[in-house]
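Please read them with the structure open beside you.

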Amino acid sequence: MSRKPIIGVIGGGSTASRDGLALAEEVGFLIARADAILICGGLNGVMEASAKGAKRGGGFTVGVLPTGNKADANPHIDLPIATALSTARNLNIVRTADALIAVNGSYGTLSEMAHAFDLGKTVFALRTWPMEKVGVDSSLFVPVDTPRQAVDRALGYARKAMDAEKPG
């Protein structure tokens, strides 16, 4: 039995721009319409906007919370995971996601991107940190221009990753 792709959306909380929130909401909506699961950090900003978009699109959302309290999740999270791990929870998001889309972002987003690069996972970058300027391999950091392009590229990548997981 195959499972749905899990797409991680990473980005700033309280630091997210108005434009970033709109982009994140559209990304979430497109993830849901593609019948994929959205995973994020479960709090505010890009996390909340993407989850809101996913719910608007009829999708399922997972929030990996830094706190030990499920009630801290934003109202658009279907499955809150209370880790009590603070920012260490970022690694759980990256490991669980089949593909990652970064929208805007602050230092937490940067740490998630670093975890992804360390694990050899590609990040599809929608107006986030300029990693191409620090020499990150172009196979790991792919700038995209629109939410549609981000989701389409992430889904293609996720499906290849899922195929590679299957026993040979």
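Which element gives the most to the lining of the largest pocket?

1. Helix α4 gives the most to that lining, with four residues. The model is a predicted one, in which local features need pLDDT of at least 70 and side-chain atom pairs count only at pLDDT 80 or more, while totals for chains, interfaces and linings use all residues. Residues are numbered from 1 along each chain as its sequence is written, and side-chain values use heavy atoms, with hydrogens and water left out.

2. The largest pocket holds about 250 Å³ of space. A pocket is an open set of points on a 1 Å grid over the protein atoms alone, where a 1.4 Å probe fits and protein lies on both sides within 12 Å along at least five of seven lines; lining residues have an atom within 4 Å of a point. Points are joined across faces, edges and corners, and the volume is the space filled by probe spheres set on them. Of the 22 lining residues, Gly11, Gly12, Gly13, Met47 and Gly108 are the closest to the centre, and the elements that give two or more residues are β1 (6-11), α3 (89-96) and α4 (107-118).

3. By class, this lining has eight nonpolar, twelve polar and two charged residues. In reading those counts, note that Ala, Val, Leu, Ile, Met, Phe, Trp, Tyr, Cys and Pro are taken as nonpolar, Asp, Glu, Lys and Arg as charged, and the others, Gly among them, as polar.

4. Seven strands form an open sheet with parallel pairing, in the order β4-β3-β2-β1-β5-β6-β7, where two strands pair if DSSP finds at least two bridges between them. Because β4 and β7 (141-143) stand at the edges with a single partner strand each, one side of each is left without a neighbour in the sheet. The twist from one strand to the next averages 25°.

5. Helix α1 (residues 18-33) packs on the sheet and touches β1, β2 (37-40), β5 (99-103) and β6 (123-126), its direction making about 155° with that of β5. Helix α2 (residues 46-56) also packs on the sheet, where it touches β1, β2, β3 and β5, at about 165° to the direction of β2. Contact means heavy atoms within 4.5 Å, and axes are lines fitted to C-alpha atoms, for helices over the stretch in contact, with angles from 0 to 180 degrees between N-to-C directions.

6. Thr109, in helix α4, counts as buried at 2% relative accessibility; buried means under 20% relative accessible area, exposed over 50% and partly exposed in between, with a 1.4 Å probe and protein chains only. Leaving aside neighbours within four places in sequence, Thr109 is in contact with Ile10, Gly11, Gly12, Ala102, Asn104, Thr128 and Trp129.

7. Ala84 counts as exposed at 56% relative accessibility, whereas Ser86 counts as partly exposed at 44%.
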